[in-house]
Amino acid sequence: MFSFTPLQGALSESTASQSLLELDGGVKVLVDVGWDESFDAERLRELEKPPRRICALLQTLPLFTRIPVYATRPVIDLGRTLTQDLYASTPVAATTISPTSLAEVAYSYAQTSSADHNLLLQPPTPEEIARYFSLIQPLKYSQPHQPLPSPFSPPLNGLTITAYNSGHTLGGTIWHIQHGLESIVYAVDWNQARENVFSGAAWLGGGLGGAGGAEVIEQLRKPTALVCSSRTPETAIARGRRDEQLLESIKLCIARGGTVLIPVDSSARVLELAYLLEHAWRAEVAKDNDVFKSTKVYLAGRSIGSTMRNARSMLEWMDDSIVREFEAVAGGTRGANSGAGGGKGRDAGPFDFKYLRLLERKAQVERILQQEAGDSEPKGKVILATDASLEWGFSKEVLKAIAGDARNLVVLTEKPNLSHGRTSIARTLWEWWKERKDGVAVEQTSSGDTFEQVYGGGRELELTETTRQALEGDELGLYQQWLATQRQLQATLQSSGAAALESSAEVVDDASETTTESEESETERQGKALNVSTTIGQASRKKVVLKDEDLGITILLKKRGVYDFDVRGKKGRERMFPTVIRRKRNDEFGELIRPEEYLRAEERADADGQEEAQDGNRQEQGLGKKRRFDDVGGAAKGASGPNKRPQLKRALSDEAEAASLSDGQGGDELDQLEDEEEAVIGPAKLVVTSQTVSVNLRIAFVDFSGLHDKRSLHMLIPLIQPRKLILVAGAEDETLALAADCKKLLGAQLTSESSQSSVDVFTPAVGAAVDASVDTNAWVVRLADPFVKRLKWQNVRGLGIVTVTGLLLPGGEIALQSADAPEAGDGDTANKRQKLEDGTTSTAPPAAAEPDGTATSTTSATTTTNNNTKPPTPALPTLDVVPPTLASAVRSAARPLHVGDLRLADLRRAMLGAGHTAEFRGEGTLLIDGTVAVRKTAAGRVEIESVALPFAALDAVAAGGPGGGAGGRMSGAGRGGMMATFYEVRRKIYEGLAVVAGA
């Protein structure tokens, strides 16, 4: 069974994507959890329903701490920087407390308007975000992995997930999910074309940047269900033409002294644009182009420094051309270091920026905009700023500053999002570009392609500004009352007593370590929650402390001075002391311990003496008291005075100074600028103001979304050959149009192959579940006892495999094995068939004619049925042993079969356990003992190759035998060892497969 439910993104233009996959046995997998710039908490309500039943989570979500989460390493690291940038840039991301939640705890709130109170929840700190993302388990491409079940999920029964390159972002994933007979391919956002940084999707194989083949790789071919995105670009052009249009648009703008704004995301497609502009500037400056020499390029984002540092450490996830460029630079650096010139003239790597300047503070962005306004002859500037929606981040600040000048240009690089009819700023500009109401400037590239820039025409654009404001007076009391109620509710319902609303690190650790489970049923827990809510609702509005009877047995932990609790007449957890069982911390070497707890007495005395000596040295140096680590670091660097720098926003990229040489032209006056406004820490509310600006700049659109086009879909879907196709993540009109096209393509393919089956194409709406289970034809037959005794079962990954060759007889019949009276047996079976079909109650045949007695019991069951005046139950067909007269005719057709799928990771583990060395070399190649290579082709064929194995070794081992002998010893131990390794590898491969033949 396979049920698919889209939670976000289906039949809409929202870029948010969430999907719930429910497999056989109640296994639920949540895939692609996302959000959009609307930050609507109501759209996350669907996640509150199934989280305690979710077994695994694919990709990223920093909300669940007890559900196993899986993603690739780039998705984990870049997702962390994106989340930190999001919460540091806009307070809307923290979301406001719902009016219904406030009305439950404060009667005064129910008498006021809901717009009067926009109380914000506390946003996670950068440290908490990093801690959440550290819980995600990293995966590599093309390596199957069996997830561990969550504490509250059913058994996964061999669930296997495999990540493949999607080509859309760094570490982007096409998921292959295997569970029983279900083979599901989840490919929402992917790109088949190669780009400057990202290689194409892994549909055709070939690795990162490889050419690939003409067929889809075996692992992604013929899935039972393919989940694909219907979102495609309106016009698809080649990469070279696309890059040329963007650079020509920038060149025309900076030549007239204008500023170019390119809104980008924080960590995904920004890598492609940053790489393109950096290398374009390198090429043009090398040609002594004065326009590019006098123009500065900036990349602005709260955590953009961390993003680029992560990108420099993940070059192996990028296209092969990036790896070759890095290797060439590294080789040149080694040559320069070995020469007389030392390290002078070192070339820059792929993401070592010489011309792209990184900006991470608002004061830096304001300074470059003020320089533009103060110059008598403005110089061109190019600013890449987050976010692409223009709803938050530095891109909105830049747009407000440059909107009134007709020389400026804003370049949209992807079709903006439309969330529930709410139009973002980028969406408004894109609609103006589509309308072309106030005139169009048609430009031409050097290769002859034309592109258009639309005039703003002085149209009014409304911008909203959101800020945090500290709570005061009644609002502060209201927030404290709501927070106290939430803490007490959660503490009462959880036996561990951990308050999850606390923002301290200790509370988060305690909540993740507690594994105590309640003995009450789900209905009893819901009833207790209802009782507590009712008690709070009826209590005094000024008194939110629960009574002793509401606390129950947890009063022993929550109330001081209470040591007794009457358990007579209680049941469930009320009869047990509420102890907190902490999970033991383990790693690959075993349980973690504290070494200081195992010190001997003399060792502990020596350690205490050293600490006292160190404390005495500090007092002699006149330090006087303990200092923080950063204060000591500042003193070591010669800093004077306390560090008054706001730590909230600087914590996002504390390592910026360490990588200043790789972040453009560092060390200038921009590094000394700090944000003057202080961050609001603690309870706050959301204040929204609006502003109207006149837009006179030009608007251009160059598609850098990196999504698959319709041509790729029309080419690949017939090659993938899915049994069922589910289209999500696209507008309703384009989804329905693509569904019609796919039905025609797959229908034509089935007609050409003369297939009787049809392919179902589903287009579900948000929240609508579709049954996409595999269509299997299964028959139930009875196995005769002599037939069962001859079966030879083999196990492959927990499944029993056997091939059979037998004689299928109608219901209730047993073949006679007497070779001397075949005709008599035929007559008896004919009579028996007639009796069973007529439903008569004749006496059973003699036992001599039925050696195993199976037919006799069947006839008796039929007789009993007729005596009870019930309709006769049709007997099951019987599979029996092939008679001797037919055995010779069918023996030649029973050819051996190899059943199973060899995983190189399992083979590597088995060879390591047998004492051999095994390591991966390249994609899909396992090298064992340095001599035997095992490859798995895209078609699933396993190839074993032994390196440097001469024929003399074969003859010697054959003469001396596997154990050695004279001939083997004469050929040398090395050659015999290579032969032993070869046959050992082959034996392990056959052990992982089931070699079955007819029974």
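User: What makes strand β11 and β15 a pair, and in which sense do they run?

Analyst: The model is predicted: local features need pLDDT of at least 70, side-chain atom pairs count only at pLDDT 80 or more, and totals for chains, interfaces and linings use all residues. Residues are numbered from 1 along each chain as its sequence is written, and side-chain values use heavy atoms, leaving out hydrogens and water. Now the pair. Two strands pair if DSSP finds at least two bridges between them. Strand β11 (residues 259-264) is joined to β15 by 2 bridges. So the two count as paired, since at least two bridges are required. They run parallel. V260 has L409 of β15 as its bridge partner. Strands here are DSSP runs of E with at least two residues; helices are runs of H or I with at least four, and both are numbered from the N terminus.

User: How do you know that β15 pairs with β24?

Analyst: Count the bridges again. β15 and strand β24 (residues 698-701) share 4 bridges, in the parallel sense. V411 stands opposite A700 in β24.

User: What makes both faces of β15 covered?

Analyst: Look at the side chains. In a regular strand they alternate between the two faces of the sheet. In β15 (residues 409-412), L409 and V411 lie on one side, V410 and L412 on the other, and all are buried. Buried means under 20% relative accessible area, exposed means over 50%, and partly exposed is in between (1.4 Å probe, protein chains only).

User: Why is S389 called buried?

Analyst: S389 has 7% relative accessibility. The cut-off is under 20%, so S389 counts as buried. S389 sits in the loop between β14 (381-386) and α12 (394-402). Leaving aside residues up to four places away in sequence, S389 touches E37, S424, I425 and A426. Contact means heavy atoms within 4.5 Å.

User: Why is L876 called partly exposed?

Analyst: The relative accessible area of L876 is 38%. That value falls between 20% and 50%, so L876 is partly exposed. L876 belongs to the loop between α26 (854-867) and β32 (878-880). L876 and V780 are 96 residues apart in sequence, yet 7.2 Å apart in space, C-alpha to C-alpha.

User: What makes β34 and β37 edge strands?

Analyst: Four strands form an open, antiparallel sheet in the order β34-β35-β36-β37. β34 (918-920) and β37 (942-946) each pair on one side only. β34 is joined to β35 (residues 925-928) by 3 bridges, and F920 has L926 as its bridge partner in β35.
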